[in-house]
Amino acid sequence: MLRRTSYPAALLLLAVLLSLPVAAFARDASQVESAHFRVRYKSEQLSREQAETARDQAESAWQRCADLFHTEPAQKIQLDLTPDLLGATGFARPGDIHSTDPKHAPLVGVRYSELGYLGIGSQYVINHEVAHVFSGRLAATPLGEGIADWAAGLFNGIPMAPWWGQALRDADLWVDPDALFITGDYEAPAEVDPRTRTAEYTEAALLVRFLVREYGWDRFARFAERYGAARGTILSNALLGHAGGDSPFARDSQRRRAPDPERVRQTFSETLGDSWPAIRERWEHEMSSEPVPAALGQRLVLAETIYGSIRNYEMWLLRHGRDVRDTDRQAVRRAFGEANQAMAAGDLKAAAKSLREAQDRVKALKRPLAVAAALRNEEGDAAEG
Ligand SMILES: [Zn+2]
């Protein structure tokens with residue numbers, strides 16, 4: 001959920017935010033402050049208590065990140081709880097971590113008032129976005145989301161552990177590590193889905209976790225930079241030619257060619273001193289030697305599936321949703337929201353049922369557009385013929 005300023009949509013959003021006169025914020029938004037954050041919220045969306053909870057979560061994220069990254073921003077982070085966007089739950093503009101110029105203050109945005117529907121947990125999202133700020137330049141590398149999720153340290157309240165790998169692989173929420181991390185040669189839909197979202201964030205986070213434990217943060221950070229230059233992105237090669245790839249923020253804009261797998265592999269041995277196959281084997285061994293706790297495993301898989309489905313739906317809405325009626329949008333949102341409420345209440349069966357309802361509704365919305373596109377293609381073929 002990193003949004004660099006070079007991403008057009010983020011740029012637009014930030015341009016809007018930054019061009020608003022200070023007086024406009026004073027009228028429209030309320031503020032709370034703490035040692036490391038300036039928090040902005042709208043009183044019609046959130047109560048002061050909720051904003052203070054977010055501020056306390058942000059302070060705890062700061063402490064956690066300061067320990068993990070061995071550094072901290074030179075000035076307060078602006079935490080905006082008001083962003084109105086689709087396709088992501090939050091964004092971060094890390095800026096220069098050493099800058100004390102208020103014009104370049106790091107900025108984090110979180111759809112805090114919508115987390116009931118989005119469902120991934122407020123502490124997770126805040127940890128993740130704050131981690132983007134602390135990781136600075138590495139946030140924009142292919143392991144950037146993995147680094148932020150490793151630092152977040154949990155998902156849907158479940159602490160990250162090696163067994164996650166086994167549980168996700170068993171549920172087919174996994175991309176073969178050679179394909180994901182080295183060659184880019186794997187199937188992926190145009191819009192991010194539960195499998196590719198989980199791979200880019202969680203699978204990458206599990207690798208980051210392993211590498212940091214084995215080699216320490218500083219050595220890992222040197223590796224991540226070299227690896228990023230060689231790999232470019234961990235999106236599928238199938239998406240390289242797509243405008244926007246899986247995201248409205250067009251992460252792939254600088255890269256149109258598949259990576260050189262040999263060069264990518266070399267970055268492991270050059271900076272970590274061990275070959276990729278050796279590292280992969282040790283990492284996979286660690287993940288498969290820990291038993292999967294059954295209830296937590298099911299919960300993790302369902303939480304990743306719900307969230308990946310929401311991301312997929314919102315990405316689709318951004319591209320094709322102009323004609324989707326408001327009542328249909330509300331029905332989908334209600335079904336996802338109910339799935340997440342059931343998750344929060346620990347009722348996995350009810351959550352799975354509401355998820356199926358949401359997915360069926362999304363499928364029904366997508367179908368007429370898919371038919372129209374197929375018809376247009378047929379007409380095109382006929383005209384050419
Ligand atoms: Zn992110």
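Student: How many residues does helix H10 have, and how far does it reach?
Tutor: This is a predicted model. In it, H10 covers residues 217-231, which is 15 residues. From first C-alpha to last it reaches 20 Å, close to the 21 Å expected at 1.5 Å a residue.

Student: Which residues of H10 are buried?
Tutor: Phe-220, Ala-224, Tyr-227 and Arg-231. They cover an arc of only 75 degrees around the axis, so they sit on the same side of H10.

Student: Why would residues spaced like that point the same way?
Tutor: An α-helix has 3.6 residues a turn, so residues three or four places apart point the same way.

Student: What covers the buried residues of H10?
Tutor: The cover includes helix H9 (194-215) and helix H11 (261-272).

Student: And what follows H10?
Tutor: Gly-232, with a positive phi near 85 degrees.

Student: What do they pack against?
Tutor: Strand E1 (30-33), E2, E3, helix H5 (122-135) and helix H6 (144-152).

Student: Which exposed residues does the face turned away carry?
Tutor: Glu-49, Gln-63 and Asp-67.

Student: What comes just after H3?
Tutor: His-70, which takes a positive phi of about 60 degrees. His-70 lies in the loop between H3 and E3.

Student: Is His-70 buried or exposed?
Tutor: Exposed, because it has 12 other C-beta atoms within 10 Å. The cut-off for exposed is 12 or fewer.

Student: Where else is there a positive phi in a residue other than glycine?
Tutor: At Asn-156, where phi is near 50 degrees. Asn-156 lies in the loop between strand E6 (154-155) and strand E7 (158-159). Asn-156 has 19 C-beta neighbours inside 10 Å, so it counts as partly exposed. Most residues other than glycine have a negative phi.

Student: Let's do strands. How do E2 and E3 run?
Tutor: Strand E2 (residues 37-41) and strand E3 (residues 77-80) run parallel, joined by four bridges.

Student: What unit do E2, H3 and E3 make?
Tutor: A left-handed β-α-β unit.

Student: In what sense does E3 pair with E5?
Tutor: In the parallel sense, over three bridges, with E5 at residues 107-110. There, Leu-79 stands opposite Val-108.

Student: Now the core. Which residues in the largest nonpolar core touch the most other members?
Tutor: Val-130, Val-208 and Ala-339, in a core of 87 residues.

Student: What does Val-130 touch?
Tutor: Leaving out residues up to four places away in sequence, Val-130 touches Ala-58, Ala-61, Trp-62, Cys-65, Ile-77 and Val-108. Among these, Ala-58, Ala-61, Trp-62 and Cys-65 are buried residues of H3.

Student: Another one: where is Ser-309?
Tutor: In helix H13 (residues 294-320). Ser-309 counts as buried because it has 20 C-beta neighbours inside 10 Å.

Student: What does Ser-309 touch?
Tutor: Pro-194, Leu-355, Ala-358 and Gln-359, not counting residues up to four places away in sequence. Ser-309 and Arg-197 are 112 residues apart in sequence, yet 9.2 Å apart in space, C-alpha to C-alpha.

Student: Last thing, the whole chain. How many helices and strands?
Tutor: There are 15 helices and seven strands. Buried residues make up 42% of the 385 residues. Of the contacts with a separation of 6 or more, 72% join residues 24 or more positions apart.

Terms used. Residues numbered from 1 in each chain as written. Predicted model: local features only at pLDDT ≥ 70, side-chain atom pairs only at ≥ 80, totals over all residues. Helix = DSSP H or I, 4+ residues; strand = E, 2+ residues; numbered from the N terminus. Contact = placed C-beta atoms within 7 Å. Pairing = 2+ DSSP bridges. Right-handed = clockwise from strand over helix to strand, strands pointing away. Expected span 1.5 Å × (residues − 1). Arc of directions from axis to C-beta. Core = buried A, V, L, I, M, F, W, Y, C linked by C-beta atoms within 7 Å.
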